[in-house]
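Visitor: I have a model open and would like to go through parts of it with you. Can we take one spot at a time?

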Amino acid sequence: MNIEPTPQRCRIVLIAPPTANRDELAKLLSDALSGGDVASVLLPAYEADEALFQTLAEIAVPIIQHAGVAAIIVGNTQIAGRVKADGLHIEGPAADIAANVTRFSPKMIVGTGNIKNRHTALEIGEAQPDYVLFGKIGADNKPGAHPRNIDLADWWASMVEIPCIIQAGNTLDSIPEAVATGAEFIALGSAVFDGTDPAGAVREANRLLDEHAPKFEE
């Protein structure tokens, strides 16, 4: 259980890595979560079918929650309910987002992402999700954050109260530029899980956030 005080600056959202191996997923998540402050973990299905995804979620969610972190299932409302996840990440048209917010909030966190432009962002914002992610899950395959995501996060954070997550690149070096947008959260996937030391990566990410992220008013 994480008993450290919550930092008053941008926090980490981990994107769980793509693996079909239960033991590997458990170890990677446990290691990463031992490295320091993390706000939540998004658990995507990737290429897993529903049965495998549920098996992986049944392993991952208790590990995440035991660390005092919110477990958010991507794209499957039924599995989210079965494994007693803390939230749902649902992408699609604004009407679909609104329907899921109405159905599941406030019992569960309901967020969305993969937003390509300001017009779509504002439409989805009207549905009042708990957060919006600027980035596409699994697309952090370059060293830096995508310029479009930086532009959207900078614009959104300056004018909209709904929290936003900016997706970083596949290196921790992308953190300073990304958090300069004022985003409340930064999504880290490959930058943490593609190396040999997820715990060390989370420690270093938090150090960089302490150094570079703007402080929020309490």
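Guide: Let us start with Asn-149, which sits in helix α6 (residues 147-159), helices being DSSP runs of H or I with at least four residues and strands runs of E with at least two, numbered from the N terminus. This is a predicted model, in which local features need pLDDT of at least 70 and side-chain atom pairs count only at pLDDT 80 or more, while totals for chains, interfaces and linings use all residues. Residues are numbered from 1 along each chain as its sequence is written, and side-chain values use heavy atoms, with hydrogens and water left out.

Visitor: Is Asn-149 buried or exposed?

Guide: Asn-149 counts as buried because its relative accessibility is 5%, where buried means under 20% relative accessible area, exposed over 50% and partly exposed in between (1.4 Å probe, protein chains only).

Visitor: And what is Asn-149 in contact with, leaving aside neighbours within four places in sequence?

Guide: Asn-149 is in contact with Phe-134, Gly-135, Ile-166 and Gln-167, contact meaning heavy atoms within 4.5 Å.

Visitor: Switching to helix α4, which residues are buried there?

Guide: In α4 (residues 94-104) the buried ones are Ile-97, Asn-100, Val-101 and Phe-104. They lie on the same side of α4, because they cover an arc of only 105 degrees around the axis, taken from the directions from the helix axis to the C-beta atoms.

Visitor: What do those buried residues pack against?

Guide: They pack against α3 (77-82), β4 (87-89), β5 (109-113) and α5 (118-125), whereas the face turned away from the buried side carries the exposed residues Ala-95, Thr-102 and Arg-103.
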